[in-house]
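Student: I would like to learn how to read the features of a model step by step, with the general idea before each case. Could we go through one together?

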Amino acid sequence: MLAAMSPSPDAIEPAPARVGLGRDRGRDDACPGALRLHAADDGALARIRVPGGLLSVTQTLALALAAEELGDGALEATSRGNVQLRGLRADAGGELAQRLRAVGLLPSDSHERVRNIVASPLAGLDGGADLWPWLRELDTLLLASEAARELSGRFLFALDDGRGDVAALDADLTLIAHPDGALLRLGRAGAALAADGPGTVLRAAEEFVRLRSGSWRIREADPDGSLLTARLGLAPRPLPALPGTRPAVGAFGYGCCVGLRFGRATAAQWRLLAAHAPTELRVTPWRAVVLPGAGAEALPALAAAGLRTEAASAWAGATACTGSPGCAKSLADVRSHAAAALDASVALDAAAALDADAPGRLLPVHWSGCERRCGHPAGAFVDVLATGDGYRVGHAGRADEVTNQQMAAAVAAARRTT
Ligand code: SF4
């Protein structure tokens, strides 16, 4: 099915919420899936749920081939560690679904859009808890649940190994590995011990469905978590402080982490990533791919292919909406212009040894083709908006009109005003 929607969604999902608390949105959120394609201006778009961002080499190669043969030749990593294909023919859905089923990426037609599960990408790799038993159990429980199929495609599960990386993603249900046991966070409320781990998570999701609130997210239907906490018979407790450390780009003891520019990589780049993945690939919610077991010797080839292998880069923390030609509302090809500005910023700031992955070093920056600012990051960021003649660079109450040529310096200066 090809759902007519406009404008095009970005690889940052979902679009920013714009409705009030508890407002009835109906159950159909029109979120794209592998079976329900979205009609974008550059063709149909399919979003494939990848629980935990975990892809086998075989699955990665199948996706790369599908992107080449059915889509525009590239795959996008989303802000939930899912994967998107763009530029599909309107009638490509059946062929795509067949290919996905063959490699285990579409285990259920009825539940495909609700398998939104993010997990700490380094879980089990660098001394922390191994989350994959939780991931497998939760996915299995979700697929077997009749009630869960009623969840919206925007409902998000997070499994955090205690480092606080995906716990910061504002998920609906977050299960955290903690020395006291598994902690469940309901929306933005506090936590509670979840004796049954993923089983408690599923019960919470089913109870949310039974609330029949008309909301897509728990934070709208039960802001303080009291309704669901009572229904589940949980004892609330304060949320512990978590470090919130995301994987940095580069080579480490566990393997390599490689950045994708604006979350997008060609089929050839994905094949190269797969070739350097001894076991599997883990797509992170921060436009990067972890290759467990890959050695530092892989980095030069990955960098030569246009992938980001150095943490000290202006590219870290940089996002952009789809822009032209994917979105008809866009006043500019923002991704091309942003890429040129970021590459110029790398040169401008080389001496400063920037490390935008390290919190506090550089402000995030987001390019938008129109005022809607699809996919802008949460919190403070440098807002670069296309005007038709150039761009407006806004931050901290200032808004400077610049030409494309002036943009790199203006953005670099604004990002340093932390
Ligand atoms: S911000 Fe505007 S131009 Fe960019 S994708 Fe959204 S609607 Fe399109």
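Student: In the hairpin of S16 and S17, which residue takes a positive phi?

Tutor: Strands (DSSP runs of E, at least two residues) and helices (DSSP runs of H or I, at least four residues) are numbered from the N terminus. In the hairpin of S16 and S17, four residues lie between the strands, and Arg 287 is the one with a positive phi, near 55°. Before we go further, note that this is a predicted model, in which local features need pLDDT of at least 70 and side-chain atom pairs count only at pLDDT 80 or more, while totals for chains, interfaces and linings use all residues. Residues are numbered from 1 along each chain as its sequence is written, and side-chain values use heavy atoms, with hydrogens and water left out.

Student: How many helices and strands are there in the protein, and what percentage of its residues count as buried?

Tutor: The protein has 10 helices and 22 strands. Buried means under 20% relative accessible area, exposed means over 50%, and partly exposed lies in between, with a 1.4 Å probe and protein chains only. Of the 418 residues, 57% count as buried.

Student: Which strands does S17 pair with, and in what sense?

Tutor: Strands of a sheet pair through backbone hydrogen bonds, either parallel or antiparallel. Two strands are said to pair if DSSP finds at least two bridges between them. Strand S14 (residues 255–259) is joined to S17 by five bridges and runs antiparallel to it, with Gly 255 having Pro 292 as its bridge partner.

Student: Where do the side chains of S17 point?

Tutor: In a regular strand the side chains alternate between the two faces of the sheet. In S17, Ala 288, Val 290 and Pro 292 point one way, Val 289 and Leu 291 point the other way, and all are buried. Because five of the five residues of S17 (residues 288–292) are buried, this strand is largely enclosed by the rest of the structure.

Student: In what order do the strands of the five-stranded open sheet come?

Tutor: The order is S18-S19-S20-S21-S22, with mixed pairing. Strand S18 (318–320) and strand S22 (398–402) are at the edges with a single partner strand each, so one side of each has no neighbour in the sheet. S18 runs parallel to strand S19 (residues 365–368), joined by three bridges, and Ala 320 has Trp 367 as its partner in S19. S20 and S21, by contrast, run antiparallel and are joined by four bridges, and their hairpin has four residues between the strands, with Gly 388 in the turn at a positive phi of about 105°. S21 and S22 are likewise antiparallel, joined by five bridges, and two residues separate them in a hairpin whose turn includes Ala 396, with a positive phi of about 55°.

Student: Which helix lies across this sheet, and at what angle to S21?

Tutor: Axes are lines fitted to C-alpha atoms, for helices over the stretch in contact, and angles run from 0 to 180 degrees between N-to-C directions. Contact means heavy atoms within 4.5 Å. Helix H10 (residues 404–415) lies across S18, S19, strand S20 (382–386), strand S21 (391–395) and S22, and runs at about 5° to S21. S21 is mostly covered, with four of its five residues buried.

Student: How do the axes of H1 and H7 cross?

Tutor: Angles under 35 degrees count as roughly parallel, over 145 as roughly antiparallel, 65 to 115 as roughly perpendicular and the rest as oblique. The axes of helix H1 (residues 57–70) and helix H7 (residues 267–275) come within 9 Å and cross at roughly 170°, which means that H1 is roughly antiparallel to H7. On the H1 side the contact includes Val 57, Leu 61 and Leu 65, and on the H7 side it includes Trp 270 and Ala 274.

Student: Which residues are closest to the ligand?

Tutor: A residue is near a molecule if one of its heavy atoms lies within 4 Å of it. The ligand is surrounded by 11 residues, the closest being Cys 321, Cys 327, Cys 370, Arg 373 and Cys 374.
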